[in-house]
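Hi,

Here is the model I said I would pass on.

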Amino acid sequence: MSPLGRRLDAGAGEGARRFALRGGILLGSCVMGAAMALASPLPIVPALVVLGVIAISAVLLPDSPVVLVLLLMISATWVIVVPRPERAADLVLPLLAALGALAVHLCAAAWSVWPPGTVVPRLGRLRWWRRSGVVALAVVSATALAGALIGAAPSGHRLLSLLAITGVCTAALAGYRWSGPRNGPEGGAQ
Amino acid sequence: MGPHEVTPWRATAAHHRALVAAPATLLLAALGRRLDLVLIGLPFLLIAAWSLWARPNQTPEVDAHLGPTVVHEGQSLEWSATLTTPPGTEDLVALLAPCDHIVTQPDSGGLAHAVPAGDTRARLTARLTATRWGERDAGLGLLSATSPFGAFRWAPPQLSGARIRVLPEKDPFTTRVGMPHPQGIVGLNRSARRGDGTDFAAVRAYGPGDRLRRINWRVSTRSTTLQVTATHADEDTSVQIVLDAFHDIGASAGLGGTRSSLDTGVRATAALTEHYLRAGERVGLLVLGTARLRPLAAAAGPRHLRRVLDSLAMIRPGTAQPAQDTPRVDHHLAKVSNASVVIVLTPGVSDRALDVALRLGNRGLTVVVIDTLPPVARGVLGLAELTAITPIVEHREIRAAQLAWRLRLLERAHHLNHLLATGIPVIEWSGPGSLDETLRQVDRRARAPRLARR
């Protein structure tokens, strides 16, 4: 292994901040699990055990696809075990789960930005906190709006659902298209 | 180190995660008509959209630099990387590769910089300190820049380093004893012959060719004839230093730490060279056991000190076997003047170095051997010291290695005793005054009456 590889793998010199980020992943996973357990009318202990194992793997390997697997597994389990919300109060636990998912994603993202032992500049830390706060605020606002919509109980329509699904798929494909290396002098592609 | 080839910004695992998690969750929400899942997927949607919106459109340009490339032990050098940062570049990170005997600050070698909004240039710097002489490749490193939320990363190929030459720091050394039998042209040593110097030799009658300023008027008035003060001529000496680099015994912790045999040898050589060059002597250097290092003929002057230090920094112990070294060494030794003082610095483990000392002694040269073996290597060795001498693969080899080293020490003692018996002094290096007593004895012996066979 090259000297740089050894230095990258040096877990002993990881630093307190990177441990805190691992802690953030664990905490976010626990919040999501707890919200799901509280929202579910069924006992979901086996599902929580499986999710716990995946969460620990995500804590150990924050820069791997395990984090994505964890988030997808929680979403899928949520659909199965949590009933559809009927009242505005039923959205409190999904809000907690959304904030937990946000914490898991951002902690894993931040973990992969800084190598072990790096002193993270104050400006960088503040910027990450500020952005996280903005996204969390947007989620809270959306929850409030959703609470109002639940109260109004709008009737669904098959065409609207189809449009929503098409929109999501199109947006996902566009996102992938725009995320690739760009050609041309400004994009800097090789 | 110059500009690097163009590398694009690439999406990170975090961005891919957001790109997968958002549509997957929202699709589930749409299919199941679940408002709660919309909330769970919303953070990923927002982050993915924000990341794409704030994605940098241009690649940064980096210029990494390491300097100065020639330093003394204990001196610092600076590694720096200057980047042009296009809009959207937020966090810069550099990771320097560890290098033997180069201490990086910070210790981890990791540097981070947050680019303030609107700034188009950023600079990362690290201070490196060279703790041991030699040539090293330092400054190898990785660099990366990330966009908001760590969604896109720009990471050029590994930054190339620079070859650093670390010159040895000189041990403190002085001597108040002149060199025996000087034979040069100008210098500070009292010559055996009389001439135009400063040291008083005798008062004698005035003769043809004597200069008027040499007349000793006080003695002349007391006698009937003119008397002159005769002096010894001042001359320089050629000092030939032979450094044994066949082995580097003992662990080295750099400047101020534990010393290996070669650390002592190199720093003592630097000290001796500087001292004798300042005293006006000519100094030559022959390094045994190092490939591609040419011997330096005896010369004087401050530039020669730099040549010697450069040669010392280029030593790679054990890269030349005695058989490969022989023609080069013999050729150089044949040119060493018979009036030279030869100082051999050796840990006494290599037969070749001791053989050189013996041969030069037999030629009639004044030879002094300085023993550089670290004190810790003279007894029962621990695992760390043994590993520095020989690779230990299995635990059971430790006993065998200890026994072998014990036998080697006995053999070494035998060789050193043989040198002493042939009249070659063997001394320990102890800094200032190390050579005083030995040189005094050599000088006394040189002046003593001896039996001449006619």
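In S8(B), Thr125(B) is the bridge partner of Ser80(B); strands here are DSSP E runs of at least two residues and helices are H or I runs of at least four, numbered from the N terminus. Strand S4 (residues 76-84) and strand S8 (residues 121-130) of chain B run antiparallel and are joined by nine bridges. They belong to an open sheet of four strands in chain B, ordered S2-S4-S8-S6 with antiparallel pairing (two strands pair if DSSP finds at least two bridges between them). At the edges sit strand S2 (61-67) and strand S6 (102-105) of chain B, each pairing on one side only.

Before you go further: this is a predicted model, where local features need pLDDT of at least 70 and side-chain atom pairs count only at pLDDT 80 or more, while totals for chains, interfaces and linings use all residues. Residues are numbered from 1 along each chain as its sequence is written, and chains are lettered from A and ligands numbered from 1 in the order in which they are written.

Now the interface. On chain B, 62 residues are in contact with 67 residues of chain A (contact: C-beta atoms, placed from the backbone, within 7 Å). H1(B) gives the most to the chain B side, with 17 residues. That side divides into 41 nonpolar, 14 polar and seven charged residues (nonpolar is Ala, Val, Leu, Ile, Met, Phe, Trp, Tyr, Cys and Pro; charged is Asp, Glu, Lys and Arg; the others, Gly among them, are polar).

On chain A, have a look at helix H6 (residues 122-152). Its buried residues include Trp128(A), Val135(A) and Ala146(A) (buried: 20 or more other C-beta atoms within 10 Å of the residue's own, with C-beta atoms placed from the backbone). The buried residues of H6(A) pack against helix H5 (92-113) of chain A, together with H2, S5 and S7 of chain B.

Back in chain B, helix H7 (residues 351-362) has Ala353(B), Leu354(B), Val356(B), Ala357(B) and Leu360(B) buried. Seen down the axis of H7(B), these buried residues fall within an arc of 155°, so they line one face of the helix (the arc is that of the directions from the helix axis to the C-beta atoms). Among the elements covering them are strand S15 (238-244), helix H6 (322-334) and helix H9 (397-421) of chain B. After H7(B) comes Gly364(B), with a positive phi near 100°.

Cheers

Methods
Two residues are in contact if their C-beta atoms, placed from the backbone, lie within 7 Å. A residue is buried if 20 or more other C-beta atoms lie within 10 Å of its own, exposed if 12 or fewer, and partly exposed in between; C-beta atoms are placed from the backbone.
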